[in-house]
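Thanks for coming. I will go through one structure this morning, part by part, and you can follow on the screen.

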Amino acid sequence: MISVEDWALIRRLVADGVPQRQVARDLGVGRSTVARAVASDRPPKYERPAVPTAFMPFEPLVRQLLKDHPDMPATVIAERVGWTGSITWFRDHVRRLRPEHRPVDPSDRLTWLPGDAAQCDLWFPPKKIPLEDGSTTLLPVMVITCAHSRFMVGKMLPTRHAEDLLLGMWELLQQLGWVPRRLIWDNESGIGRGKRHAEGVGAFTGTLATTLQRLKPYDPESKGIVERRNGFFETSFMPGRSFASPADFDAQFADWLTKANARVVRTIKVRPIDLVVADRSAMLPLPPVAPATGWVNRVRLGRDYYVRVDSNDYSVDPAVIGRFVDVHADLARVEVRHDGRLVARHDRVWARGMTIADPAHVGAAKVLREQFQQPRSATDAHEGLVRDLADYDRAFGLVDGLVDTVTTDGEVA
């Protein structure tokens with residue numbers, strides 16, 4: 001077999017008008033070789049002739065199993081078909097056949113209209129954040145990207161619970177200033193699983209008059225814009241940065257997003273800050289009444305005068321022990337009220353398993369405990385119980401009887 005270079009030379013010489021006989025004589029090859037090279041439309045390639053192998057009798061059975069179960073492991077297939085040879089060689093053949101029987105999942109090119117959708121996701125920065133108790137942990141960052149303009153907003157959250165996710169969404173939508181007609185999420189547990197939204201999500205979207213769309217599993221393309229932004233954050237924002245607290249992270253991230261939204265996006269060839277004007281003009285306005293968000297609970301205050309929010313305990317004025325109190329917490333504060341009166345206010349702590357006590361509450365509890373433990377004297381116990389005994393005589397009708405006896409006998413019995 002001639003080389004690719006000889007094949008190209010033969011075709012060029014014949015194309016230039018050199019007789020095939022002379023080409024064969026000058027190159028030292030047979031005239032039939034020259035004729036085949038001229039007639040061939042592709043370079044010569046050595047191909048080993050197919051010969052029967054030990055796998056060929058099993059191939060129809062393997063194909064049938066792959067047709068019904070395209071993800072069946074090669075070891076299981078080998079057992080089902082009765083293969084006794086080399087399992088490595090068998091795996092190579094199964095690997096060759098498997099793509100032919102795997103279902104195809106094509107993805108379409110999506111077009112995003114102004115104001116139509118915003119893609120939401122949680123990004124976990126690969127750096128631990130210091131918390132109030134001195135510990136460090138990885139915290140989620142909620143990111144919302146407008147699909148049409150690629151405009152981005154983001155904020156760090158303490159947990160992935162539904163309460164904190166709704167608080168984060170509401171705060172980011174306020175930063176955006178408008179409400180997209182669709183909020184696209186994947187199957188985040190705090191947003192919903194299966195066919196049902198998490199508790200509070202339906203009321204939240206109803207107040208905003210928008211639609212929260214949760215994607216089906218294995219559909220990453222429908223949320224690819226915000227997914228790609230997560231990688232962008234890790235390569236462009238994170239390198240060389242350190243953070244003293246979640247608030248410090250938010251400050252640095254917000255400053256960087258201002259610059260990132262002013263850069264030209266390669267796919268749309270325009271800056272998000274310029275395109276977001278058209279995006280916002282097609283969105284819905286913020287509702288006149290804020291949606292109900294945050295951690296909300298109504299409990300009877302126990303003797304230890306603490307209420308729990310997430311995993312932390314916060315002190316309450318012990319004067320309302322035994323009464324119902326309403327607890328409300330957002331990302332920054334925890335407030336407790338009794339009949340509308342504020343009885344506790346704390347900064348929310350993002351660390352876990354902590355007890356947050358107000359010194360005023362501890363002092364008031366000490367005074368109440370001392371008063372309860374002081375013994376009461378007998379005089380104090382009967383104070384306020386003195387009464388004229390004649391009241392009991394009149395109550396039982398004894399006074400009239402005494403008067404009649406004195407009048408009739410002339411003496412007092």
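Strand β14, residues 312-315, is joined to β13 by four bridges, and the two run antiparallel. Within this pair, arginine 308 faces aspartate 313 of β14. Before I go on, note that this is a predicted model.

β13 and β14 belong to an open sheet of three strands, ordered β13-β14-β18, and its pairing is mixed. Which strands stand at the edges here? They are β13, at 306-309, and β18, at 355-356. Each has a single partner strand, so one side of each has no neighbour in the sheet. As a reminder, strands of a sheet pair through backbone hydrogen bonds, either parallel or antiparallel.

Now follow the chain out of β14. The loop between β14 and β15, the latter at 324-329, holds valine 316. Is valine 316 buried or exposed? Its relative accessible area is 0%, and the cut-off for buried is under 20%, so valine 316 counts as buried. Leaving aside residues up to four places away in sequence, valine 316 touches Leu301, Tyr305, Val307, Val336, Val343, Ala344 and His361. For a sense of distance across the model, take valine 316 and lysine 45: they lie 271 residues apart in sequence, and their C-alpha atoms are 85 Å apart in space.

Next, a parallel pair. Strand β7, residues 182-185, runs parallel to β10 and is joined to β10 by four bridges. Isoleucine 184 has glutamine 213 in β10 as its bridge partner. In a regular strand the side chains alternate between the two faces of the sheet.

Helix α9, residues 224-237, and helix α10, residues 246-260, have axes that come within 12 Å and cross at roughly 100°. The two are therefore roughly perpendicular to each other. On the α9 side, the contact is made by Phe232, Phe233, Ser236 and Phe237. On the α10 side, Phe249, Gln252, Phe253, Trp256, Leu257 and Ala260 make the contact. Sorted by class, the contact of α9 with α10 has eight nonpolar residues, two polar and no charged ones.

The other pair is helix α5, residues 74-81, with helix α6, residues 87-101. Their axes come within 10 Å and cross at roughly 105°. α5 and α6 are therefore also roughly perpendicular to each other. α5 contributes Ala74, Thr75, Ile77, Ala78 and Val81 to the contact, and α6 contributes Ile87, Phe90, Arg91, Val94 and Arg98. How do the residues of the contact of α5 with α6 divide? Seven are nonpolar, one is polar and two are charged.

That is the end of my part.

Technical notes. Residues numbered from 1 in each chain as written. Predicted model: local features only at pLDDT ≥ 70, side-chain atom pairs only at ≥ 80, totals over all residues. Heavy atoms only, no water. Axes fitted to C-alpha atoms, helices over the stretch in contact; angles between N-to-C directions. Parallel < 35°, antiparallel > 145°, perpendicular 65-115°, else oblique. Contact = heavy atoms within 4.5 Å. Nonpolar A, V, L, I, M, F, W, Y, C, P; charged D, E, K, R; others polar. Pairing = 2+ DSSP bridges. Buried < 20%, exposed > 50% of the residue type's maximum accessible area, 1.4 Å probe, protein only.
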